[in-house]
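Please look over the protein chain shown below before reading the briefing that follows.

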Amino acid sequence: MKITRLFEIIYLLMNKKSMTAKELAEHFEVSERTILRDIETLSQASVPIYTSQGKGGGISIIDGFVLDKTVVSEEEQNQILFALQGISATQTIDTQKILSRLRTVFKKEDTDWISVDFSRWGDCNEDNLKFDILKNAIIHKMAVNFIYSNTHGETKLRKVYPIRLSFKASAWYLQAFCAEKQDYRTFKMTRIREVKELAESFAEIPLQAVETEHSTIDIPIIDIKLRFHEDLAYRVYDDYKESEIKQDEDGYFIVTTKVQDDYWLYSYILSFSDNIIVLEPQSVIDKILFKTEKIQNFYKENK
């Protein structure tokens, strides 16, 4: 595309200071006449570009040139660079070349003030491979299957038509159309294993359909009130919004929130041992008492 070539001509001249029409023509695999027309177009757009004749001559751009701030403001430049650094963490596209060019165009040197990495601690090769397979399947509209473990304790093979990878609340999710359920579903990436792309393509699915789907089986939402030990501040602020947290006069954290009344809730509560107390509702308290009694009986029977 011409606009892409024009942008790259600016980048090359800012980076190399001067190039001949022949060098530019060879770089872009076009005629010198086309390059000269591009130079004229840039000049008409008020880009300070000029040509010089003789030995050592060529096409140059005035030193210190930077994109007009009325076109891209200082804040917008920083936002563009930050967004690209964030995208680079997903490894979905090669952003390093783009970042390098924009740093040159924007005259920015110190843009490595943030590091974004969405993979888990430790060996991230499996996560990256999984991500790469799903990315390619979405782009090429190919069905995939994988082993999935859901919150109901079920682990089985699922066949889906992947639509989008989504990052929300500190975790990656795959939004897809499930062949078994014949409905849209959202799968948490950490619960997906053994992903395989299938030799089956599918028609494009509008993203609007994903936005309106209910990604989980109908699970009741309940109001819950929890009291956490003061030493668990890090967990409380990890898991809940500040507006849901209050600290009482004894230093305990009181959390009032809405949750799904499912298997995960009780596993979550029990993971805190005696550092958490369910204040309400009574139905959750009763289930916790039943489960803890069941655990005690299990250990007594298996001594």
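**Briefing on a predicted model**

The axes of helix α9 (residues 263–270) and helix α10 (residues 282–301) come within 11 Å and cross at roughly 70°, where axes are lines fitted to C-alpha atoms, for helices over the stretch in contact, and angles run from 0 to 180 degrees between N-to-C directions. This is a predicted model, in which local features need pLDDT of at least 70 and side-chain atom pairs count only at pLDDT 80 or more, while totals for chains, interfaces and linings use all residues. Residues are numbered from 1 along each chain as its sequence is written, and side-chain values use heavy atoms, with hydrogens and water left out.

**Helix pair**
- In α9, Leu265, Tyr266, Ile269 and Leu270 meet Val284, Lys287, Ile288, Lys291, Thr292 and Ile295 of α10, contact meaning heavy atoms within 4.5 Å.

**Sheet**
- Five strands form an open sheet in the order β7-β6-β5-β4-β8, with antiparallel pairing; two strands pair if DSSP finds at least two bridges between them.
- β7 (183–188) and β8 (192–201) stand at the edges, each with a single partner strand, so one side of each has no neighbour in the sheet.
- Strand β6 (residues 171–178) is joined to the antiparallel β7 by six bridges, and Tyr173 stands opposite Lys188 in β7.
- Helices (H or I, at least four residues) and strands (E, at least two) are DSSP runs, numbered from the N terminus.

**Confidence**
- The protein chain averages a pLDDT of 78, with 72% of the residues scoring at least 70; pLDDT is the predictor's confidence in each residue, from 0 to 100.
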